[in-house]
Amino acid sequence: GLAGVPATDLKQTGKDFTSDQEVRWCPGCGDYAVLKAVQGFLPDLGLKRENIVFVSGIGCSSRFPYYLDTYGMHSIHGRAPAIATGLATSREDLSVWVVTGDGDALSIGGNHLIHALRRNVNMTILLFNNRIYGLTKGQYSPTSEPGKVTKSTPMGSLDTPFNPISLALGAEASFVARTIDTDRKHLTEVLREAAAHRGTALVEIYQNCPIFNDGAFDAIKDPATKDHAVIRLEHGKPVTFGPQGEHGLVRDPVSGAISVVEVDDSNRAGLLVHDAHAEDPSLAFAIS
Ligand code: SF4
Ligand code: MG
């Protein structure tokens, strides 16, 4: 939330938030689109650049702070949420953002991430999920699909991946959203809502890594499913959904009950109602 951050009537554009640093991601990397979207969106906050801070960990996406003309810190592996927590709690006059990746946030930084979410201090965490370790040249990550063949899993990965959305809800996150690098409109909308949220907002961004995991999100980019491309939770309620078979968890803001959201074969989203107290906790499907 921006409640404590002094507003300004400066007329700013994306250019004002673009640094003079040479951008050093691989050609075609999804990070470029996210950077453009963030630079395009930041003027809408109506804040001075010196009241905005981006803290990152380690990984390709963690180069983000160099490219923004705001304050920033390229910090330590997995620890960006801890550093940002200190900043957000001691400086209410700052809009605090974390940039992290699936390896950084969910492997070495998993503990920091879940505790940041449950503490719910005022910051926005952008989790770039390309389902691979990009910076270290292509090892399977905590979000890689089972059977993933990489340099570190030549016979295919055996591990079940994390779903960052369900992980965040399990950690009692108060705002969770998922969006994708290729949908600038949706990405911008989600950034806006996340920034306005008072507490810790987690935004998972599906991000294509054309070098080590190209096309991981192609099914979602398909024009036929584009309108339903992403799960987005607004105050705990689903607004838009993934393609068929995509699922996530949502919390009912009133009862606190957790439900599984799934998309049926006509692209309608529904709630799979899971009654944890039932003898047979089987799932009943109800179109919402
Ligand atoms: Fe982007 Fe992948 Fe290159 Fe990293 S390795 S900069 S994620 S394309
Ligand atoms: Mg990654």
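A: T124 stands opposite A201 in β6, as part of the pairing of β4 with strand β6 (residues 200–206). The model is predicted, so local features need pLDDT of at least 70 and side-chain atom pairs count only at pLDDT 80 or more, while totals for chains, interfaces and linings use all residues. Residues are numbered from 1 along each chain as its sequence is written, and chains are lettered from A and ligands numbered from 1 in the order in which they are written.

Q: How do you know what counts as a strand or a helix, and how many does the protein have?
A: Both are DSSP runs numbered from the N terminus: a helix is H or I over at least four residues, a strand is E over at least two. The protein has eight helices and 12 strands.

Q: Why is β4 called mostly covered?
A: A residue is buried if 20 or more other C-beta atoms, placed from the backbone, lie within 10 Å of its own, exposed if 12 or fewer do, and partly exposed in between. In β4 (residues 123–129), seven of the seven residues are buried. M123, I125, L127 and N129 point one way, and T124, L126 and F128 the other way. Both groups are buried. Over the protein, 43% of the 288 residues count as buried.

Q: Is A82 buried or exposed, and how do you know?
A: A82 has 20 other C-beta atoms within 10 Å, so it is buried. It lies in helix α2, whose residues 80–90 include the buried A80, P81, A82, A84, T85 and A88. The cover over these buried residues includes β1 (52–56), β3, α4 (110–119) and β4.

Q: How do R131 and K137 stand, buried or exposed?
A: R131 is buried, because 24 other C-beta atoms lie within 10 Å. K137 is exposed, because its count is 11. R131 is in the loop between β4 and α5 (164–170), and K137 is found in that loop too. Phi of R131 is near 55 degrees and phi of K137 near 75 degrees; each is a positive value in a residue other than glycine.

Q: What makes Y206 buried or exposed?
A: Y206 has 24 C-beta neighbours inside 10 Å, so it counts as buried. It lies in strand β6.

Q: What makes a group of residues a nonpolar core, and which have the most contacts in the largest?
A: A nonpolar core is a set of buried Ala, Val, Leu, Ile, Met, Phe, Trp, Tyr and Cys residues joined through C-beta atoms within 7 Å. The largest has 55 residues, and V98, L126, L202, V203 and I205 have the most contacts inside it. Apart from it lies another core, of six residues, including C29, Y133, Y140 and F212.

Q: Which residues is V98 in contact with, leaving aside neighbours within four places in sequence?
A: Contact requires C-beta atoms, placed from the backbone, within 7 Å. On that basis V98 is in contact with V55, A80, P81, A84, M123, I125 and L126.

Q: Which residues surround ligand 1, and how do they divide?
A: A residue is near a molecule if its C-beta atom, placed from the backbone, lies within 6 Å of it. The shell around ligand 1 consists of W25, C26, C29, D31, C60, N130, G134, L135, C209, P210, I211 and F212. Ala, Val, Leu, Ile, Met, Phe, Trp, Tyr, Cys and Pro count as nonpolar, Asp, Glu, Lys and Arg as charged, and the others, Gly among them, as polar. The shell therefore divides into nine nonpolar, two polar and one charged.

Key: Two strands pair if DSSP finds at least two bridges between them. Two residues are in contact if their C-beta atoms, placed from the backbone, lie within 7 Å.
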